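User: I'd like to learn how to read a structure like this one, feature by feature. Could you walk me through it?

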Amino acid sequence: MAVGLEIDPVTFEIIRHKLVQVTDETIIALENVSGSPITNEGHDMMASLYGRDGGLMIGGVGFLHHLTSAAQAVKHIIANFSEDPGIGEDDAYFFNDSYAAALHPPDVYMISPIHFEGELRGFVANFVHVTDIGAIDPGGFSPNARDNYQEGFQTQGLKVVEGGKLRRDVVETFLNMVRDPGMTALDLKSQLAANHVAKQRMRAHYEEYGPDVVDAMANELIRQSEQLVRERLRGLPDGSWRAREYVDMPGGSCKVELTATKEGETLTYDFTGSSPQVDLGINCCYWATWGGMFAPIFPLLAWDVTWNEGVTRPIRLIAPEGSVVNCVRPAPISIATVGTIQIVNNLSTLVLAKMFGASEELQHRATAVWHGSHAHVETHGVDADGEFFVAPLTDTFAGAAGARSFRDGVDLGGEIPNVVSRWANAESQELNTPLMYLYRRAVPDSGGPGKFRGGVCHEYAFTPNGTRGPLGLVLFGKGTRAPMSLGLFGGYPGCNVGYTTFRRGNVDELPRSLEETTSESREDRFWGAVELEPGDIQYVRFMGGGGYGDPLEREPAAVLRDVRLGLVSPNAAFEIYGVALDVEDDRVDDEATRERRLGVRSERAGRQVHTTTRAEFASTGRRLSEYLQLLASGETQCTFCGTVVAPTGADWKDHAVLRRSPLSRAGPLRYEGGEFVLVEAFCPGCGTALDVELSTGADPPLHDRVTAWPGTAS
């Protein structure tokens, strides 16, 4: 063991598990003390341990894009405040400046040094989304901000505890700037309590095993994680994989484009080609993009590796300055976490999935995008007791899983960047917020169609209940026009997000769905401030997960089951999946299904296709995707029918059948305004859907290139 100290394997594992348990107990304390549903119900939080140099030592659960960004925050505190005002025993620093390390202003890092016998040994840091930050809009997400100076209180390090004593002058100054000081103060107290638990546990471990042993073991874990990630990368094909998504905003959209290049044991994420920064808060800073790309890397690439600084060392980021992924102050960034950061999450998931899809060994790790857009809602107003409140809803954390290479996505199945996210039940949310839910229900046809279907999302509606005056809403949705839960290898995207405000609605009738919801007037508004009067209804629909593989390959029995459960409509079953159902007898009409699927394949290929059955072909060991491989000659072959799609040295999409289709090709609840199209690539021999991209129509097709496979001559 190259750590300078000999530690027997049993002791090593005991200490490792105890360090992980420290982060778990820290999170439990954070939940137990917090009074905020977004923390103790939604798990919008994180707690991790950091070394004395600020490097990530043990990453905890919660929103994973904070693990590495908080490391940078700790390093900033060390570099700038070690001498003045100093990092003393039982101090604590408040940090939330995105241009130095954080993600957006309301996600506050609380950073506490851990001392043992008077010597600094490391740090614990956590974050919560505080109730309010004093920005132009209540709650911290600020769709009305046009620069960073309108986005509330921000600091690159403010000592709020000194020598174990709360600095009331500092804390009261901050609380004087926020709309709901009581709940915001409780947020800070929960963070301090959580860090106190971590410090107690770490000091006990230092006492039991000795600080040098614990530090040596942590350093060894970092070395092991780096080694394991490098080994995993070496076991994957070399090449470059590209992905692109759009952020739809009021008045237009911007593009985020990623090329992931894997060479040997290194991986580079290059966001060149992304749009310039904009004057709305969807931008993110460099360290936010750094964290956003790692949020899927931790659970997808390093799923069985200790999450620490070692995971980050083989990976490089290129983010052009002045772009939406590396904006320059004073660009607004308050919506970054549900704006461009989430797009970075999606693109990171896609390029990893494509890389896995080119691997014989790890193809089962490939997944379409999960929960592509947070259609979040912040509420505020005056409650029945006359107190001003700010309360985010937790529905956005329900999510919807993307389909995988072997199974459907989980309906309402969460999201990859937060593996412990959850949403509060209706009664819990109503207890904390003066509103009444009218319905929460799964949305038919919302999951992306595919050989394996994306998980369906949910929709909900609520009305004010117990407010003095109107119930204020802050809306900052994306995905109402551009789908973001993209599919993989011929799978289609999930549905679009939907927002509708019904004025003087049919509340007394207790509608149970969007179809049953009526009103005197309605507004489809997804951005800015909205006020609900008694009798008004706010409706929100999320985005289903992306599909995997060609929908025409889905087992007809699975389609029938989905129709029975109300997850897929009979019309989508026929039009998209090519499955003809005998509704009266509750069965699949096999012959009509075969004829329908042959007709769809023939239409795609532009020629008569005679089979719907996948043929068997020997693997060449040069897999490209679900339906493509490279032959020894260098030609690209369709593995469904055996057709040579492209000659040696050519990009296969240049020789596939390309079709630009409206978004409705993926099913209902897709935007039909024409701003975006689906670019479908089909095999010219059998009409199999090889790939489906989202495009404005002006952007050229994306080409992936595999240059070498492990154990195979390139």
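**Reading the fold and its contacts**

Analyst: Let's begin with contacts: among those between residues at least 6 apart in sequence, 70% join residues at least 24 apart. Keep in mind that this is a predicted model.

User: How many helices and strands does the chain have?

Analyst: There are 13 helices and 29 strands.

User: And how does the radius of gyration compare with that of a compact globule?

Analyst: A compact globule of 714 residues would have a radius near 27 Å, and the chain comes out at 26 Å, so the two agree. Along the principal axes, the C-alpha atoms fill a box of roughly 80 × 70 × 45 Å. As for burial, 63% of the 714 residues count as buried.

User: Let's zoom in on a helix. Which residues of α4 are buried?

Analyst: The general idea comes from helix geometry: an α-helix has 3.6 residues a turn, so residues three or four places apart point the same way. In this structure, α4 runs over residues 168–175, and V170, V171, F174 and L175 are buried there. Those four span an arc of only 130° around the axis, which puts them on the same side of α4.

User: Now the aromatics. How many aromatic pairs turn up in the whole structure?

Analyst: The search finds 19. One of them is W290 with F294, an edge-to-face pair at 4.8 Å centre to centre, with 70° between the planes. The cut-off you need here is that planes over 60 degrees apart count as edge-to-face.

User: Where do W290 and F294 lie?

Analyst: Both are in helix α7 (residues 286–301), 4 residues apart, or about one turn of the helix. W290 counts as buried because its relative accessibility is 12%, and F294 is buried too, with a relative accessible area of 0%. Another edge-to-face pair is F526 with W527, at 6.5 Å centre to centre and again 70° between the planes. Both F526 and W527 are buried.

User: What about charges over rings: which ring face does R232 lie over?

Analyst: The ring is that of W303, and R232 is 3.8 Å from its centre. A second case is R596, which lies over the face of F574 at 4.7 Å from the ring centre.

User: On to salt bridges. How many does the structure hold?

Analyst: The general idea is that side chains of opposite charge can pair when their charged atoms come close. This structure holds 58 salt bridges. Take R453 and D408, whose closest N and O atoms are 4.0 Å apart. That pair links distant parts of the chain, 45 residues apart: R453 is in the loop between β14 (435–442) and β15 (458–464), while D408 is in the loop between β13 (388–392) and α10 (426–432).

User: Are R453 and D408 buried or exposed?

Analyst: R453 counts as buried because its relative accessibility is 4%, and D408 counts as buried at 16%. The cut-off behind that reading is under 20% relative accessible area.

User: How far apart are the closest N and O atoms of R441 and E459?

Analyst: They are 2.5 Å apart in that salt bridge. The pair joins strand β14, which holds R441, to strand β15, which holds E459, across 18 residues of sequence. R441 is partly exposed at 27% relative accessibility, whereas E459 is buried, with a relative accessible area of 3%.

User: And what does the salt bridge of R614 and E553 tie together?

Analyst: In this bridge the closest N and O atoms are 3.5 Å apart. R614 sits in the loop between α13 (590–605) and β23 (628–630) and E553 in the loop between β20 (537–541) and α11 (556–565), so the pair ties together parts 61 residues apart in sequence. R614 is partly exposed at 25%, while E553 is buried at 18%.

Key. Residues numbered from 1 in each chain as written. Heavy atoms only, no water. Buried < 20%, exposed > 50% of the residue type's maximum accessible area, 1.4 Å probe, protein only. Helix = DSSP H or I, 4+ residues; strand = E, 2+ residues; numbered from the N terminus. Arc of directions from axis to C-beta. Phe/Tyr/Trp six-rings, centres within 6.5 Å; stacked < 30°, edge-to-face > 60°. Lys NZ or Arg CZ within 6 Å of the ring centre and 35° of its normal. Salt bridge = Lys/Arg side-chain N within 4 Å of Asp/Glu carboxyl O. Rg over C-alpha atoms; globule rule 2.2 N^0.38 Å. Contact = heavy atoms within 4.5 Å.
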